[in-house]
Amino acid sequence: MAPELYGSDLSTTTPVVALALHELNVPFEYIQVDMLRDEHKHPDFVAKQPFGCVPYIDDDGFVLYESRAICRYLCRKYADRGGRALYPDPADDLEAFSLVEQGISIEAAAFDPIVRFMFWERVYKPMRGTQGSEVIFGEAKRILNQNLDVYDKILEKQMYMAGDTFTLADLFHIPYATRLRPQVQCDIMETKPNVARWYKDITALPSWQANKQGVRAIA
């Protein structure tokens, strides 16, 4: 039975899992959750994802939530389909594994939470009928700019966040990064030469091109 991905195109974490599935060429079914109608808060959903967030997967009865954990799981399960490249096995290459984990930690600490602040002020608060703070937005943008200066130095020496191979450390950036310009009117990913080159590269991947207008299942 193919894995079932329960999520929403409104989220940035659902596309992360879809990207991994596409990179691994794993057939999956996509079950859309209507977040505007609070389906993610329904008791049946919360029974599988107790925080009432998307996404989660049901892989033949094995339920797993949290997008980064799901992607790690998929890479291990489908190592022979490209999982070793996306997420090296420490038993095979401890240094490569550690560099990917380092890149994942960078994304989780220096990119994702800062961009979330920007989205809260420009997108999420207005969706809830409240006024966002341009002061908070501006401070988050300033911090992101500083952090991307460091990214630019890293990417001056290598093609991707963990070396010269595309991995989960790069993949995790894509959904939020691609929404910065259209949703919060911020072109920061294109203002630094090495970051811009990397961003252009990772967003040209067939996996992203297939999912950029919404998650597309693989039959």
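A crossing of two helices is called left-handed if the near helix is turned anticlockwise from the far one by less than a right angle, and right-handed if clockwise. The model described here is predicted, so that local features need pLDDT of at least 70 and side-chain atom pairs count only at pLDDT 80 or more, while totals for chains, interfaces and linings use all residues. Residues are numbered from 1 along each chain as its sequence is written, and side-chain values use heavy atoms, with hydrogens and water left out.

Helices are DSSP runs (H or I, at least four residues) numbered from the N terminus. Axes are lines fitted to C-alpha atoms over the stretch in contact, with angles from 0 to 180 degrees between N-to-C directions.

| Helix pair | Axes come within | Crossing angle |
|---|---|---|
| Helix 3 (residues 67-77) and helix 5 (residues 94-127) | 13 Å | roughly 160° |
| Helix 8 and helix 9 (residues 193-203) | 11 Å | roughly 110° |

Helix 8 and helix 9 are therefore roughly perpendicular (65 to 115 degrees), and their crossing is left-handed. Their contact (heavy atoms within 4.5 Å) joins Ile 174, Ala 177 and Thr 178 of helix 8 to Tyr 199, Ile 202 and Thr 203 of helix 9. By class, this contact has 4 nonpolar, 2 polar and no charged residues; Ala, Val, Leu, Ile, Met, Phe, Trp, Tyr, Cys and Pro count as nonpolar, Asp, Glu, Lys and Arg as charged, and the others, Gly among them, as polar.

Helix 3 passes helix 5 in a right-handed crossing. In this contact, Arg 68, Arg 72 and Arg 76 of helix 3 meet Phe 97, Glu 101, Ile 104, Glu 107, Ala 108 and Asp 112 of helix 5. These residues comprise 3 nonpolar, no polar and 6 charged.

Methods. Helix = DSSP H or I, 4+ residues; strand = E, 2+ residues; numbered from the N terminus. Parallel < 35°, antiparallel > 145°, perpendicular 65-115°, else oblique.
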